[in-house]
Amino acid sequence: QAPSTQPDLAPAHEALILREAFRELARTPDARARGKTFLALAAKAEAASQTLEASLRSATADSSAALQDVARSCTQCHERFRD
């Protein structure tokens, strides 16, 4: 659900924006320079975001597992390439 302080936010749309950000990240020269492992992690994060978006659009799905997958993909990449 959208936060009460920001009712204009639509969770499924926010997941779409996240998915698109991962896709665009993989297209950058910096991402390509980081190599195949980085690009694979970006693709994994994009796929997890797509699953999250689909679960948020479904009236019957529980999105918590999909959200955890997105968070896990971020953690895996940051541990190796950022932190």
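User: Let's start with Glu 46: does it count as buried or exposed, and at what relative accessibility?
Analyst: Glu 46 counts as buried, at 14% relative accessibility, where buried means under 20% relative accessible area, exposed means over 50%, and partly exposed lies in between, with a 1.4 Å probe and protein chains only. This is a predicted model, in which local features need pLDDT of at least 70 and side-chain atom pairs count only at pLDDT 80 or more, while totals for chains, interfaces and linings use all residues. Residues are numbered from 1 along each chain as its sequence is written, and side-chain values use heavy atoms, with hydrogens and water left out.

User: Which element is Glu 46 in, and what is Glu 46 in contact with?
Analyst: Glu 46 lies in helix H3, helices being DSSP runs of H or I with at least four residues, strands being E runs of at least two, and both being numbered from the N terminus. Leaving aside neighbours within four places in sequence, Glu 46 is in contact with Arg 19, Phe 22 and Arg 23, where contact means heavy atoms within 4.5 Å.

User: What does the side chain of Arg 23 do with the side chain of Glu 46?
Analyst: The two side chains make a polar contact at 2.6 Å; a polar contact is a pair of N or O atoms within 3.5 Å, and within protein one must be able to donate a hydrogen and the other to accept it, with residues adjacent in sequence counting only if both atoms are side-chain atoms. Arg 23 itself lies in helix H1, residues 11-26, and is partly exposed, with a relative accessible area of 37%. The C-alpha atoms of Arg 23 and Ala 43 are separated by 7.2 Å, although these residues are 20 apart along the chain.

User: Changing topic, which residues form the largest nonpolar core?
Analyst: That core has five residues, namely Ala 15, Ala 48, Leu 52, Ala 66 and Val 70, where a nonpolar core is a set of buried Ala, Val, Leu, Ile, Met, Phe, Trp, Tyr and Cys residues joined through side-chain atoms within 4.5 Å. The elements that give two or more residues to this core are helix H3 (36-57) and helix H4 (64-81). In soluble globular proteins, nonpolar side chains tend to be buried together.

User: And what is Ala 66 in contact with?
Analyst: Apart from neighbours within four places in sequence, Ala 66 is in contact with Ala 48, Thr 51, Leu 52 and Ser 55.

User: Where is Ser 73, and is it buried or exposed?
Analyst: Ser 73 is placed in helix H4 and is buried, with a relative accessible area of 4%. A polar atom of the Ser 73 side chain lies 2.7 Å from the backbone oxygen of Val 70.

User: Now the whole chain: how many helices and strands are there, and what share of the residues is buried?
Analyst: The protein chain has four helices and zero strands, and buried residues make up 25% of its 83 residues. Its C-alpha atoms fill a box of roughly 40 × 20 × 20 Å, taken along the principal axes. Among contacts between residues at least 6 apart in sequence, 51% join residues at least 24 apart.
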